[in-house]
Amino acid sequence: MRLLIDGALVEAADGQRRDISNPATEAVITSVPEAGLPDMARAIAAARQAFDAGPWRAFHVAQRADLLERISDLILAHEAELVALECQNVGRPLSEIEGDIRGAAQVFKYFSRAVVALMGQTAEVPDRAVAMTVREPRGVVGLIVPWNYPLPEAAIKLAPALAAGNTCVIKPSELTPLSLLRLGHLIQAELDLPPGVINIVSGDGPTVGAALVGSPQVDFVSFTGGTETGKAIMRLAAETLKPLTLELGGKSANIILEDADFDAAVAGAIMGIFQGHGQNCVAGSRLFVQRSLYPRLVEAVAEAARQIRIGDPLSRETEMGPLISRVQWEQVSRYVALGQREGARLVTGGRRPPGSQFERGHYFQPTVFDEVEPQMTIAQEEIFGPVLSVIPFTDVAEGIALANATCYGLAGAVWTRDIFKANEVARALRAGTVWINNYNAVYNELPYGGYKQSGFGRAMGLAGLEEYSILKQIAIKLAPEAMPAYGRHARS
């Protein structure tokens, strides 16, 4: 695989390559170009040229919509290949990845239709004039994609950026670049796209990622990843006053009230934390349970966690694969040990699964803690792994207060049969998305994003599309005449 820069598939300028490993086996899948500063500079220059002087600026909204439709069709036509690449590279189960790839195609489809809604307004003004706003593309946009959902996250950024008329430099994670690089190959081979409109540059964050954010030739950056990295990106972007959207970490609260449908709430708690092996920014890693349900629910959640089938991500039987890397495995292990040292009770999990088939690969058991105090580290810091902290509360007010007692605010959920309580909790939670009797339901039509240190800006929906555009005011004098203050002098 090669980089896509200025309409050509190329190697890194210095010939460097990076081995990409399968987290299930630790075996090398392939190698990809490891871009350096000259490669990123070339990609940015190509995007700048394509936006400022290329034919892309003349593309009508219908042409851009058609392009997005064709990318959607391209993904679906190569679905099996992209699923296999993503599954091997990320380590998530086949059933999840299949949904991801189809979902990525649907994102392009959605924005191909939504772009017609990207419009300005007219205003009634005095002075025999007409005033209006128009929405214009921001220019060259930098898109930085995380490792946990490579192709879906790329689609969520790339589709609205193109729909709005921008040119793009997109950087996949150095851990999981395969599906996005392959999509670049397919776009180059099968779509007649002007050079420089889409550039895909793989490499590490401190080198090429920092160059992308810091470049004065880049007009806007969208980043999804960890909160500390997001803070570093803000500092770097401030040097050029570059606008950003940041989707960062989370410590989402999943709240179960005593009148909830018990079985549905247990299933929601399990899916909320263990989908994607907990490597999900909206993972429901804090489970708040009303005291009357607490002992029974802890037991039920722990038993359900024990029943999750761990194994080869390419097997149809597998429900949970490995963590992404050895580094991530060690981080999750440290948090488990810390939870025990601080006094939480390990109910289940907490280690590598038993059996010779798990001796290689970054496998980790679904893990449940109870007797967790809200101030404990495992209840405050994002672990990004399959670790659930179960915390009791007495009444709705206490549950809300505990849920909001975090520096994060990405998502949350409440389980109850009482629609009035559900609305009370949903409105009170300081989070960008709140689900009621559901968890992690994602709709292309609706925006999502964070409060507090979970970031700012919105992705998806019309609000997500508008992030990639900028408002301009145009005022037209219908009867041109000299401005009053100066006209007197002109006539004298």
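A residue counts as buried under 20% relative accessible area, as exposed over 50%, and as partly exposed in between, with a 1.4 Å probe and protein chains only. The model is predicted, and local features need pLDDT of at least 70, side-chain atom pairs count only at pLDDT 80 or more, and totals for chains, interfaces and linings use all residues. Residues are numbered from 1 along each chain as its sequence is written, and side-chain values use heavy atoms, with hydrogens and water left out.

**Exercise 1. Single residues in helices**

Task: State whether Ser72, His185, Ala210 and Val327 are buried, partly exposed or exposed.

Solution: Begin with Ser72, whose place is in helix 2 (residues 61-77), where helices are DSSP runs of H or I with at least four residues, strands are runs of E with at least two, and both are numbered from the N terminus. Ser72 has 0% relative accessibility and therefore counts as buried. Contact means heavy atoms within 4.5 Å, and, leaving aside neighbours within four places in sequence, Ser72 is in contact with Ala105, Gln106, Phe108 and Lys109.

Continue with His185 in helix 6 (residues 178-190), which at 13% relative accessibility also counts as buried. Not counting residues up to four places away in sequence, His185 touches Met1, Arg2 and Leu9.

Then take Ala210, which lies in helix 7 (residues 205-214) and is partly exposed, because its relative accessible area is 28%. Ala210 touches Gly205 and Leu236, again not counting residues up to four places away in sequence.

Finish with Val327, in helix 11 (residues 326-341), which is exposed, with a relative accessible area of 59%.

**Exercise 2. The sides of helix 10 and helix 8**

Task: Work out which residues of helix 10 are buried and which lie exposed on its other side, and then treat helix 8 likewise.

Solution: First check the length, for which the expected span is 1.5 Å times one less than the number of residues. For the 13 residues of helix 10 (residues 294-306) this gives 18 Å, and the end C-alpha atoms are 18 Å apart, which agrees. Next, Tyr294, Leu297, Val298, Val301, Ala302 and Ala305 are found to be buried in helix 10. They cover an arc of only 130° around the axis, and therefore lie on the same side of helix 10, the arc being that of the directions from the helix axis to the C-beta atoms. An α-helix has 3.6 residues a turn, so residues three or four places apart point the same way. On the other side of helix 10, Pro295, Arg296 and Glu299 are exposed. The partners against which the buried residues of helix 10 pack include helix 9 (262-274), strand 13 (286-290) and strand 16 (387-393).

For helix 8, the 12 residues reach 16 Å from first C-alpha to last, close to the 16 Å expected at 1.5 Å a residue. Thr227, Gly230, Ile233 and Ala237 are its buried residues. Their arc is only 110° around the axis, which puts them on the same side of helix 8, whereas Glu228 and Arg235 are exposed on the other side. Among the elements that cover the buried residues of helix 8 are helix 7 and strand 11 (244-247).

**Exercise 3. Helix 3 against helix 5**

Task: Describe how the axes of helix 3 and helix 5 cross and which residues meet.

Solution: The axes of helix 3 (residues 79-90) and helix 5 (residues 150-163) come within 10 Å and cross at roughly 115°. That makes helix 3 roughly perpendicular to helix 5, given that angles under 35 degrees count as roughly parallel, over 145 as roughly antiparallel, 65 to 115 as roughly perpendicular and the rest as oblique. Leu82, Glu86 and Val90 in helix 3 meet Pro150, Leu151 and Pro152 in helix 5.

**Exercise 4. Positive phi in two loops**

Task: Locate His277 and Phe384, and give the phi of each.

Solution: Most residues other than glycine have a negative phi. His277, in the loop between helix 9 and strand 13, has a positive phi near 60° and is buried at 3% relative accessible area. Phe384, in the loop between helix 12 (377-380) and strand 16, has a positive phi of about 60° although it is not a glycine, and at 18% relative accessibility Phe384 counts as buried.

Note on methods: Axes are lines fitted to C-alpha atoms, for helices over the stretch in contact, and angles run from 0 to 180 degrees between N-to-C directions.
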